Amino acid sequence: MSIITNHMPTAELQALDAAHHIHPFSTNADLGRDGVRVITRAKGVFLTDSEGEEILDGMAGLWCVNIGYGREELAEVAARQMRELPFYNTFFKTTHVPAIALAKKLAELAPGDLNHVFYAGGGSEANDTNIRLVRTYWAEKGKPDKNVIISRKNAYHGSTVGSASLGGMAPMHAQGGIPIPNIHHINQPNWWAEGGGMSPEEFGLARARELEEAIQELGEDRVAAFIAEPVQGAGGVIVAPDSYWPEIQRICDKYEILLIADEVICGFGRTGNWFGSQTLGIRPHIMTVAKGLSSGYAPIGASIVCDEVAEVIGNCEFNHGYTYSGHPVAAAVALENLRILEEEKIIEHVRDVAAPYLKEKWEALVDHPLVGEARIVGMMGSVALTPNKEARAKFASEPGTIGLICRERCFANNLIMRHVGDRLIISPPLIITPAEIDEMFVRIRKSLDEAHAEILRQDLMKEAA
Ligand code: PXG
């Protein structure tokens with residue numbers, strides 16, 4: 001068998017990739033146009049590709065490499081755990097030390113009485129668990145019809161059948177026969193795009209009250225849970241107006257609706273606290289976690305569940321579980337990642353150093369001719385691109401055209417920054433230093449200037465009718 005190494009020519013790797021590798025959320029045409037980028041190694045906040053280019057990773061991998069790349073300790077823990085116990089399951093009255101230790105640590109870190117952990121392989125699986133968990137909870141309490149889960153349009157909760165049904169991404173719902181029944185979507189609190197003539201505060205209240213209206217319409221006895229990301233990530237880093245979350249909390253309390261906070265992106269320091277729920281003042285019954293739980297070094301996710309839900313679920317046999325629930329290597333790696341986050345005071349670094357510095361520079365981007373609003377919470381930010389700031393106008397071009405031009409300039413300048421439609425987003429590793437933030441902004445500003453010149457050259461600086 002031939003061995004594929006980092007030392008093969010890029011073109012050969014690209015050809016093999018094109019021949020055999022199906023990529024998520026990609027068309028062959030997109031991948032083939034100028035070839036995929038082959039990443040070979042990484043250290044700190046920098047990636048290296050097969051051409052030897054050093055790329056500043058403004059997305060922390062995929063919102064996950066919170067402690068940065070290249071931490072030997074995690075490699076060592078993984079190797080040690082593989083030698084000692086590479087696998088054992090957690091079914092059939094069995095457990096192992098990494099699963100126990102990580103569950104105890106998560107119970108300590110999680111707010112309130114979120115003291116119980118059901119493991120999964122990632123965020124999508126954990127959200128699938130949540131669907132079955134909340135429905136089983138209400139069925140056990142004698143309310144089997146209390147099985148509707150309310151979610152939001154433009155939310156992202158994963159790619160499995162269940163989690164994609166929870167998500168509110170229309171292009172995902174257009175494929176593969178989803179959503180599953182009894183998932184109901186309300187509108188998102190995206191003031192910039194959808195706020196019309198309302199103030200952000202009025203709009204936040206109005207959007208939160210859609211939850212109450214939905215509960216009243218569906219019937220209180222039908223609604224099991226509401227799920228939301230504290231800050232919508234993949235939807236474009238949409239930060240709700242301040243009035244939104246207190247009203248959502250009031251409504252969930254009033255109607256006895258289980259609140260699920262999807263912390264897959266917001267968890268483990270991203271917003272300046274251990275969890276986004278703490279930053280936004282939310283009291284969830286269940287939190288979905290993944291990504292930053294292991295800083296992406298091993299695939300692992302979990303549902304962290306409050307005492308009451310865990311007790312009721314424990315009274316029945318919850319017929320649910322994954323081979324890799326609590327995988328010992330992944331759990332050991334996650335535990336070491338949490339040790340580093342805690343002992344190196346990375347969340348304090350975010351709160352006191354990195355996030356305030358990033359915020360100042362990020363919000364100053366509104367002086368750029370392409371940028372309408374700049375929003376940021378902790379280490380996740382977005383800007384809305386617009387041809388007319390005062391009118392909060394959209395571009396006349398196909399949505400995403402302008403965002404893609406900007407992203408391509410970022411890539412060309414060795415900066416990974418994403419676009420979601422005509423929003424640009426960042427979510428760098430939490431360990432980024434002020435000097436690295438300075439370097440990131442040199443690249444951001446250069447990329448935006450080049451994109452602006454290109455947009456003018458193509459005569460695209462035009463408002464939609
Ligand atoms: N919930 C949230 C809030 C997420 O962001 C998931 C669940 C699913 O997790 P897994 O581990 O199954 O992928 C996610 C994942 C993007 C992008 O384009 C975002 C995610 C995944 C892939 C792409 O921003 N988030």
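**Backbone, domains and ligand**

Reply: Let us begin with Phe92, which is placed in the loop between helix 4 (72-84) and helix 5 (97-109); helices (H or I, at least four residues) and strands (E, at least two) are DSSP runs, numbered from the N terminus. Phe92 has a positive phi of about 50 degrees although it is not a glycine. The model is predicted, so local features need pLDDT of at least 70 and side-chain atom pairs count only at pLDDT 80 or more, while totals for chains, interfaces and linings use all residues. Residues are numbered from 1 along each chain as its sequence is written, and side-chain values use heavy atoms, with hydrogens and water left out.

Me: Which peptide bond is cis?

Reply: The bond from Ile178 to Pro179 is cis, with omega near 5 degrees. Pro179 is found in the loop between helix 8 (170-173) and strand 6 (183-186).

Me: How is the chain divided into domains?

Reply: Domain bounds come from an automatic or database domain assignment. Here that assignment gives domain 1 (37-67 + 345-457) and domain 2 (73-343). Their C-alpha centres lie 26 Å apart.

Me: What area do domain 1 and domain 2 bury between them?

Reply: The size of an interface is often given as the accessible area lost when the parts come together. Buried area is that loss (1.4 Å probe), summed over both parts. Domain 1 and domain 2 bury about 2900 Å² between them, 62% of it on carbon and sulfur atoms. Ile67, Ile347 and Arg392 supply 27% of the area that domain 1 buries against domain 2, more than any other three residues. In terms of contact (heavy atoms within 4.5 Å), 32 residues of domain 1 meet 38 residues of domain 2.

Me: Which side chains have polar atoms by a nitrogen atom of the ligand?

Reply: A polar contact is a pair of N or O atoms within 3.5 Å. A polar side-chain atom of Asp262 lies 2.7 Å from a nitrogen atom of the ligand, and one of Lys291 lies 3.2 Å from a nitrogen atom of the ligand.

Methods
A polar contact is a pair of N or O atoms within 3.5 Å; within protein, one must be able to donate a hydrogen and the other to accept it, and residues adjacent in sequence count only if both atoms are side-chain atoms. Buried area is the accessible area (1.4 Å probe) that two parts lose on being put together, summed over both.
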